[in-house]
Structures are given as C-alpha cells and as structure tokens.
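Thanks for making the time this morning. Before I start, please bring the structure up on your screens so that we can look at it together.

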2 protein chains.
Amino acid sequence: MRYTAGNIVAALVLTLASLIFVTRVDAAVSIQEVTSPGGITAWLVEEHALPLVVLEASWKGGTLQDPEGKEGLAYMMSALLDEGAGEMDAQAYQSRLEELAVDIGFRASTDNLTLSFKTLTENRDQAFDLLRLALNEPRFDEEAVERIRRQLLVAITRDMESPDRMAAEAWYHAALPGHPYTRPSKGTLETVAALTRTDLAAHQRMLMTRENLNITVVGDIDAATLATLLDETFGKLDAVSSLPEIETVKVSAAARLEIIQREMPQSIVLFGHEGLARDDEDFIPAYVMNYVLGGGGFSSRLMTEVREKRGLAYSVTSYFYPLAHASLFIGQVATQNTRVAESLDVIKAELARLAQDGITDEELQDAKTYLTGSYPLRFDTNEKIAGQLVAIQDAELGIDYIVKRNSLIEAVTVEDIRRVAARLLRPDDLIVTIVGQPEGLEETAIE
Amino acid sequence: MRYTAGNIVAALVLTLASLIFVTRVDAAVSIQEVTSPGGITAWLVEEHALPLVVLEASWKGGTLQDPEGKEGLAYMMSALLDEGAGEMDAQAYQSRLEELAVDIGFRASTDNLTLSFKTLTENRDQAFDLLRLALNEPRFDEEAVERIRRQLLVAITRDMESPDRMAAEAWYHAALPGHPYTRPSKGTLETVAALTRTDLAAHQRMLMTRENLNITVVGDIDAATLATLLDETFGKLDAVSSLPEIETVKVSAAARLEIIQREMPQSIVLFGHEGLARDDEDFIPAYVMNYVLGGGGFSSRLMTEVREKRGLAYSVTSYFYPLAHASLFIGQVATQNTRVAESLDVIKAELARLAQDGITDEELQDAKTYLTGSYPLRFDTNEKIAGQLVAIQDAELGIDYIVKRNSLIEAVTVEDIRRVAARLLRPDDLIVTIVGQPEGLEETAIE
C-alpha cells in the first residue's frame, strides 16, 4: 500500500513542560510534553544533531494478560506485527522497512508490550505510516503465523533444557502460587500449537489501545510535526481497553527450599522473598541498600563474602523487582554442588547482618558515588534516552524525575538504610529453589 | 596498584584539522587531529553534552600474525588483557573497572586488534590508568590463563559443529591455499592447549606498539587533556614493531566446487572470487554495484531472483571484502538440498547479466538514495562515531572522508558500474563450497 498523506490538521500542541535542567544528564535531555489534537500524549526530546528520529512506546498489559490455556499469545502476537500489514505481506513489508532503513520492533514482557522505532528524517512520514499499518492493519498471514510459530516452538523446546529457566519457574511457583506470573511467557508446546489467527488479531486489538499507552520520542522532529504523526499513527487504536483484571499479591511468607534434581556439576540457586513496590516511599533507600548488599557487582557484600573471601561462586546478585502485580526481592548464585549449603548460609548471614546493623558511612558514600555518577551512562544514546523516559512514564515518576533522581539518592542516610533493611530483609523467610545436585540440603515439605 | 599522577607535561597540541562540515552527518562530527608531546596521534570529536569519553583504537596486525602451530595466540591474548594488570589480579582489576563504571574490551580479528574503552568524565584519569596497566603490565596469571583457555576450548569445540564455519574454512582453503587466512583465528584444540604465558606476553608486546596504532576519541574531553593522557597511556608501548611479513595474494582463479557432506535438510553455500582492494579507484563504484547485486538486502537482484521469484532461499547476499592481504568477493545462500543447483545457476546468471549489461538508471538512483541517506545511521552514538573514524584511519581514507563519502557515491554513473562489473564479475570462475547434501551437483577435481 502506498502512503497517502492525510489531511493536514493544524496541530494543537500543548507544551506543558519544557524543562532545562542543571545537572549534566539533564542538560542533554530537555523534555517537552506534546499532546496531539486527538489527545495522544508523548514526551519529546528534540535533538537535531543527526537526521534521525527514535520512538519508544509501552502499553500496560503483557504476557500476563494471556488467557489461561492460551499462554504465548502476546509473545507470538508481538513477533508478528512486523510480518505483514495493510496490503503488504511479510516479504513486502520487510522489504519496505529495509529500503527506507526503518527499524520497527515489538516485544512482550510480563507487564508490558513495548515498541522500538527508528527512522531517518527524510523517510519519516513513510516510516510512521509503516508503523501505523503494523498497529492498525497487521495481517497475521498464514505463512507468517506458521513460520513464527515454528520459531517459537524451537525456542520453547530450548528453554525446557535451561537450568536457569527451570529454577526461575520453580521459584515463581513457590513464591506466587497460582498467580499468572507463574505461567510461561512464551507459552508451552501445546498452547502455542493451538493459537489461531483469530486469537492473535483479537488480542492485539485488546492490548494495544490508546488508554494504556506511553510514548517518548527523541530526535530530529518538532512538537507540531510529532503531534500530527501521533494522531495519524496511534489515533485509530481503540480509545479504552478492557484488560483482564490481574490480582496484586504478596510473595508467600512461608520459607521453603525446593530442589530440582539435574545432573550438573554446579547448582543454580534462586533465593528471595517479598520486595516493595516502585511507589513505596522506601524504594530509593531500598535500592541503595541493595547496591551494598548484592546489586553492586564486585563491590557488594554478597560478592565479597561469597566470592572473594570464600571462592564459593563466580558471581552472586540480589535485586528488587517491582512488578505491576507483585513486588519481589530475588537473588541468584551458581556454585558447585558441594558448596551450595555453605553459600546459602553465608547469604542468609549477610541478610541478617544488614537487617541488624545496617551499613557504614563509607559503604553509603561509595554507593551514592557510583549510583549518581553512573546515571549518565543510561542516557548516552537517543534509544537509551527514549527507553529511560518511557520507563519513567510507566512508573509514573513524573516528567521531572531525571532532575530529582540523583538528589533522592543523595538524601538517603544510614538511618534510612537501617530502617529499610530491618523492614524488608527476612533471611528466615527465604524461598529457595535449586536446580542441580546440591549436597547436604533437604527440601522442606511442599504443601 | 593505586593511580599516581605522572608529571604534568605541557601538552603540545597540534590541531592540524578542525573541520566543520556542511552535510548533516558532518555537522555532528567535527574532527580534530591531536598529536601528543610524545608523538602519538589521535582523532578527537569533542562532544560535551554528556560526561562520558569513548576511545576506540586499532592495531594493524591480528590473528594472521599468529605463528604457525600457535594459532589462537592473538585471540587468547586479547581476551586476557583485562584479566589482571599491574598489582591487581583478575578479580581486583575487574572490581576496579566495575566500581568506576569503566568499559574496556579487546578483540582480535584477522587483520587487527581493536580496543573499545569508555569512561565517565569524573573517573577519567583513573580509567585511563587502568587502560595503561592493561596495555603495559598485563599479568597473564595462571588462574586467568587457564580459565580463558577453558572458555576458548569450549568455543572451538562448538565452532567445529558449525556448518557456517565449515563452509567458510573450506572456502578460504580453496580460494587462498596455504595462506595464513586459512588458519583458524581461535586456534585449534591442540594449539590452544599448548600456548604458554611466555607466548602470550611476548605476542602482546610485539603486536601492540605505537607504530601500528590508530586512535579516535569521542566525548567530553579537550585536546590538551587528551594529549597528556595519550602519552601516559600509550607512550610506553614499543615505538616500532616487527610484525611477521604476510604475503598479499590473489584469490585462486581456478573455478571449483567442493561439497562437505553433512546430514542437513538445507545446504550452506559460499561462492566467490577475487575482489578489489579498498584503495582501488573502482572500490566505490564496485560497492554501489554490489548493493544492486547482493548487498542491498530485499531489494537486491540476487534476493529478487533467488527468493522473491523462485522461493529458493530465505536470503542471499554478496559482498566485497578488502582484507589487508587479499581482496575477496564472496556471497552466501542457504537453501534446500534439492534446490542448491538451481540457486547456483540463478546466481551465476545474475553475475553474468550484470557483467554484460550493467544496471539501470533507476537501480542506480535507488542505490544512491539508500546508501547516502542511511549513512547517518552509522554515526548515531559516540561509540559508532569512534568506530567509523578508526575504520577510516585504518583504511587511510583521510580525515575529510566523511565529508566526501556521499559525493563519491553520488558521482558514480551507470557507465562506471558497467565498466566495473565487466572488470570484476567472473561467474565462470566461482569458487563454491557447500556444506550439506546438495543434489545434482558434482565436485570438480581438487588438485
């Protein structure tokens, strides 16, 4: 299908905020909020040094919204959106993308669908029209559906052999029993085999609406031009969505240890418990605390104790994962089967020590120096800027978040850390799943 | 080892060229040539929007310089340079990189060793000192050597199963018999097992000198500061190198067809013959010609004939590879065993048609539009800018190349293409290697 320019509508551009910031990151990232005549909002960072435009978008609702028995639906649907649209089959659509040097990619995660888009300025209108077609007129042709289905079945088969995936699946089942987070994002061999064109088309229409949409654009485009393109590209999506309700749950508080026997010299160990939500006022102190505990790589306490002092493992990490419908604290270590028990003892002791005593001034200062100093590394390409800003939109942190973020970190005190550690860390409540042949450990009874 | 600031030497900065360009790419990339007091030259693109500095460097001489029987030496050596240096073992060195958020990576290709380096401005001096240590005092500790050796042996074992690698190895043996390009870059299980710490240290010293070095820096640094850091970082490398002489050869002109039987439903096919050097005056016309033939993805003639019209393969490509000591024209297609012969017939017919008739005005115009229009995509991050400029340094194209490049492409005529196609394309001289079970083809005698 050839691109036909629509009527040119005088764009009503509401520049609600055009912030010039003082810190170095912010100096490079001045964000405008653009609202189109049709009411679609995007954040825009104008950057005219190169003739390129990057767009990142995110829809709330991801693989978690797959109906039971149709697991893999959102994942497979996302993979098919650039495989033919409008009057173009997959071959023709991909050819057009290539001729125009346009990148379009869709991905499904548990909580979101995301879109990454990039075009040269000179092909901008044609590129946005290709995107419009993918969003509004995806074809789900039999050839493409069967080809992507085959690829997905291969990926699922490969996943079934992965100890990491087995450990994660077991952990989610133990931590969030019965919750959709326990279901496989890519689906199973059975569910993927059964998905139909009708399923895919209906699910795309349901998930990708204007209601659940966050958009950031970075590059060589002005607000008025963007406003027009927003309406042309996203304006025909359904206005509101009817996502299936997902229950927000807490991680099971019952400590347990589960072993999945598998012939391997090393064991993969996942451990964790309830975390905290992104909008919890303790999130930033918890984030700083976890840098000291297990998020800070080689300099973290877990790494020092498990790896440097005892040589138990090559790496050990811990993170807070604030998902949309559950908040996790989860860590991982891989170690020899003979040393799993000792590793877990060390990890629990470190959690207990931190919950009891907090951290030192020096640890806090090192964490702040690293976390604030490395923040610019998240903004060193236009794609990264757009990705960061969409994540800020998704988390509803506000258009001025990147101005405030480093001062939020700087404001954390050792008292904050002590309070948050005592509140959050529960070494005796850990849910542990192990894949391998660990020695000297017994499973706790599984209800 | 703690960083000790050396004497501060007043930098003699020779800004030989500070070019402000007119086209859009060039507007964003203004290159200075910086020469340090010690005589080390780098290209510098100052970009102060973010507090980051990127450095890319390239040494002439790569895996091709591995002595016979010590294949894998440069590859393994490169992997060890960030695994301990000065007074720091691998663990301590990697911890320091991580604390300072510094990226240092070395890679070995056949013709070059390359370095990618990135630091925050605030850690710049410490980061450059870590780089200095990697270059001048790499440790090659037994622990690190054995760990990297194990990883390399695993990679070699995996490569041995790869049909793509088997086809490539066979092609190089047929095209450049006896030449070092036929030797495996990663080495063999035998040669890698035998490499010693002494081999690694001596080879590093021999390959990484000041004579063979090209450097580009992009980011938040000025010329005077860079000049000082160049001397501190690279100044103690040996001044001149004594690389083993490598003979520059032509691809064997004798057509041949070699089949490596392997139970697979599809065959991997490589085809090619002599190409042309990067400094050949026909290189740009040949590059444009090959975009039309097989470099232009979905819109290329080979793709149209092999894939779109006949459905013989998912993709088919061709490229000119101007290596340091040989110039290749080489293409690849993967297709069902029953259709290999037909695919090869189609490919040969397309080479013959192009050599005979050249291309149309419309094809030329489409190629120019794409090749000039997409050029900015190579410059949309500081890393990419640095990588492009080092490649331009390596090819000795001159500091003004990015200003001239699009006009060189625009200047190509259909007559140029016809002349170059007639000169270069030799469908009857193709060297073809196939891995699979192709039907209806016979090997030509192998001398």
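I will go through a sheet, then the domains, and then the nonpolar cores.

A word on the basis first: this is a predicted model, in which local features need pLDDT of at least 70 and side-chain atom pairs count only at pLDDT 80 or more, while totals for chains, interfaces and linings use all residues. Residues are numbered from 1 along each chain as its sequence is written, chains are lettered from A and ligands numbered from 1 in the order in which they are written, and side-chain values use heavy atoms, with hydrogens and water left out.

In chain A there is an open sheet of six strands, in the order β1-β2-β8-β3-β7-β6, with mixed pairing; strands here are DSSP runs of E with at least two residues, helices are runs of H or I with at least four, both numbered from the N terminus, and two strands pair if DSSP finds at least two bridges between them. Because β1 (32–35) and β6 (103–108) of chain A each have a single partner strand, they stand at the edges, and one side of each is left without a neighbour in the sheet. The strands β6(A) and β7(A), the latter covering residues 112–120, run antiparallel and are joined by six bridges, and A108(A) has L113(A) in β7(A) as its bridge partner.

Helix α4 of chain A, residues 124–136, lies across β3 (52–60), β6 and β7 of that chain, at about 155° to β7(A); axes are lines fitted to C-alpha atoms, for helices over the stretch in contact, and angles run from 0 to 180 degrees between N-to-C directions, with contact meaning heavy atoms within 4.5 Å.

Turning to the domains, chain A is assigned domain 1 (24–234) and domain 2 (256–436), with bounds that come from an automatic or database domain assignment. Their centres, taken over C-alpha atoms, are separated by 29 Å, and the contact takes 37 residues from domain 1 of chain A and 39 residues from domain 2 of chain A.

Finally, which residues touch the most other members of the largest nonpolar core? They are V29(B), L389(B), I402(B) and L425(B), in a core of 62 residues, where a core is a set of buried Ala, Val, Leu, Ile, Met, Phe, Trp, Tyr and Cys residues joined through side-chain atoms within 4.5 Å, and buried means under 20% relative accessible area with a 1.4 Å probe, protein chains only. Helix α10 of chain B, residues 283–295, gives the most to this core, with eight residues.

Notes
Buried < 20%, exposed > 50% of the residue type's maximum accessible area, 1.4 Å probe, protein only.
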